[in-house]
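Welcome, and thanks for opening the viewer. Shall we take a short walk through this model, one selection at a time?

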Amino acid sequence: MPTQPLTANLSPDPLSDARDLHASIAALRLLLAAQGRQFEAIERRLSPARSPAETGARRLRALKAEGF
């Protein structure tokens, strides 16, 4: 059984709500990207050492994936 009333609280400014939602989504995307980088760093630390050629190829693939 819900503890909150089921009445809709309509915002007086839906455009402001949309902007807030957009800002929240952008912040979540940045957070997700940062977490992805952290997980990649952990993977690199836990994986066996690679040759310089493998490391360079991995960097090149990462740059291409980012659009550089």
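Begin with the largest pocket, which holds about 540 Å³ of space. This is a predicted model, so treat the tour as a walk through a prediction. To find the pocket, select Glu 40, Arg 44, Arg 58, Arg 59 and Ala 62: of the 15 residues in the lining, these are the closest to the centre.

Which residue classes make up that lining? Colour the lining of the largest pocket by class and you will find eight charged, four nonpolar and three polar residues.

Next, select helix 1, residues 14-46, and then helix 2, residues 52-66; each supplies at least two residues of the pocket lining. Helix 1 gives the most, with six residues.

Now show the whole chain as a cartoon. Its secondary structure comes to two helices and zero strands.

Stay with helix 1 and select Leu 46, which has its place there. Is Leu 46 buried or exposed? With a relative accessible area of 70%, Leu 46 is over the 50% cut-off, and therefore counts as exposed.

Of the 68 residues in the chain, 1% count as buried.

Methods
Residues are numbered from 1 along each chain as its sequence is written. This is a predicted model: local features need pLDDT of at least 70, side-chain atom pairs count only at pLDDT 80 or more; totals for chains, interfaces and linings use all residues. Side-chain values use heavy atoms; hydrogens and water are left out. On a 1 Å grid over the protein atoms alone, a cavity is a set of points where a 1.4 Å probe fits but cannot get out, and a pocket is an open set with protein on both sides within 12 Å along at least five of seven lines; lining residues have an atom within 4 Å of a point. Grid points are joined across faces, edges and corners, and a volume is the space filled by probe spheres set on the points. Helices (H or I, at least four residues) and strands (E, at least two) are DSSP runs, numbered from the N terminus. Ala, Val, Leu, Ile, Met, Phe, Trp, Tyr, Cys and Pro count as nonpolar, Asp, Glu, Lys and Arg as charged, and the others, Gly among them, as polar. Buried means under 20% relative accessible area, exposed over 50%, partly exposed in between (1.4 Å probe, protein chains only).
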